[in-house]
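Hi everyone, thanks for coming. Please have the sequence and the 3D view open while I talk.

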Amino acid sequence: MSRHRRKQVLLLGFMGSGKSTVGKLLSQELRWPFIDLDAVIEAGQGVTIREIFERSGEPFFRQLERAALTEVLKTEPVVIALGGGTFAFEANVELIRESGATTIWLDCSVQTLRERCAAMQNRPLFRDPESIELLLDARLPYYRLAEFRVSTEGRDAGEVTEQILRLRAF
Ligand code: S3P
């Protein structure tokens, strides 16, 4: 359980759910810094996420992700966009719960995710529409552990941000 409520908002959800776009807007509204976890990992390694996957494999990427998560959770106030898989590992969920951060799941239909992922060039875990469905099914039980769920279906980033602010959760 969280020890105390901190000025930390973590956006989680599948690739293409809008975490980075909404995170930037939300951080502007709150006047809190914004951190994109994937960008922290890329800056630390000096290569893209895709290259990390290709050169060293997913388990190594997950180690880097865990280390980066541990570091960014020291920042406050902050809005953090997690990677799509960050909140799908028990150890990371525990770390986040311990930190006392507010967790918000940006949810939308598998159909919309499929369309958005198909338009992305730089997601190593996106192979085909079927793989998205399988990965999403495996991750949903974790995503449901978030404190708040906000639907991004049919909403632009501004509307989603308003919705988050209306939660009055932080
Ligand atoms: C991943 C999602 C990506 C990135 C990496 C792995 C995943 O982040 O962390 O490619 O496991 O779903 P986004 O959700 O920002 O695309």
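I'll start with the pocket and its ligand, and then turn to a few spots in the backbone.

First, some ground rules. This is a predicted model, where local features need pLDDT of at least 70 and side-chain atom pairs count only at pLDDT 80 or more, while totals for chains, interfaces and linings use all residues. Residues are numbered from 1 along each chain as its sequence is written, and side-chain values use heavy atoms, with hydrogens and water left out.

So how do we look for empty space? Rolling a probe the size of a water molecule over the atoms shows where it is left. A pocket here is an open set of points on a 1 Å grid over the protein atoms alone, where a 1.4 Å probe fits, with protein on both sides within 12 Å along at least five of seven lines; lining residues have an atom within 4 Å of a point.

The largest pocket has a volume of about 510 Å³, meaning the space filled by probe spheres set on the points, which are joined across faces, edges and corners. Its lining has 29 residues, and the closest to the centre are Met15, Asp38, Gly83, Gly84 and Arg123.

What sits in the largest pocket? The ligand does, in the sense that more than half of its atoms lie within 2 Å of the pocket's grid points. Around the ligand there are 13 residues, the closest being Lys19, Asp38, Arg62, Arg123 and Arg139; to count, a residue needs a heavy atom within 4 Å.

Now the polar contacts, which are pairs of N or O atoms within 3.5 Å. The side chain of Lys19 has an N or O atom 2.7 Å from a ligand oxygen. For Arg62, a polar side-chain atom is 2.6 Å from a ligand oxygen. Gly84 uses a backbone N or O atom instead, at 2.8 Å from an oxygen of the ligand.

Let's move to the backbone. Most residues other than glycine have a negative phi, and most peptide bonds are trans. Where can you find a cis peptide bond? Look between Glu76 and Pro77, where omega is about 0°. Also have a look at Arg31, which is not a glycine, yet its phi is positive, near 60°.

To recap, the ligand sits in the largest pocket, and Glu76 and Pro77 are joined by a cis peptide bond.

Terms used: Polar contact = N/O pair within 3.5 Å; in protein donor to acceptor, adjacent residues only side chain to side chain.
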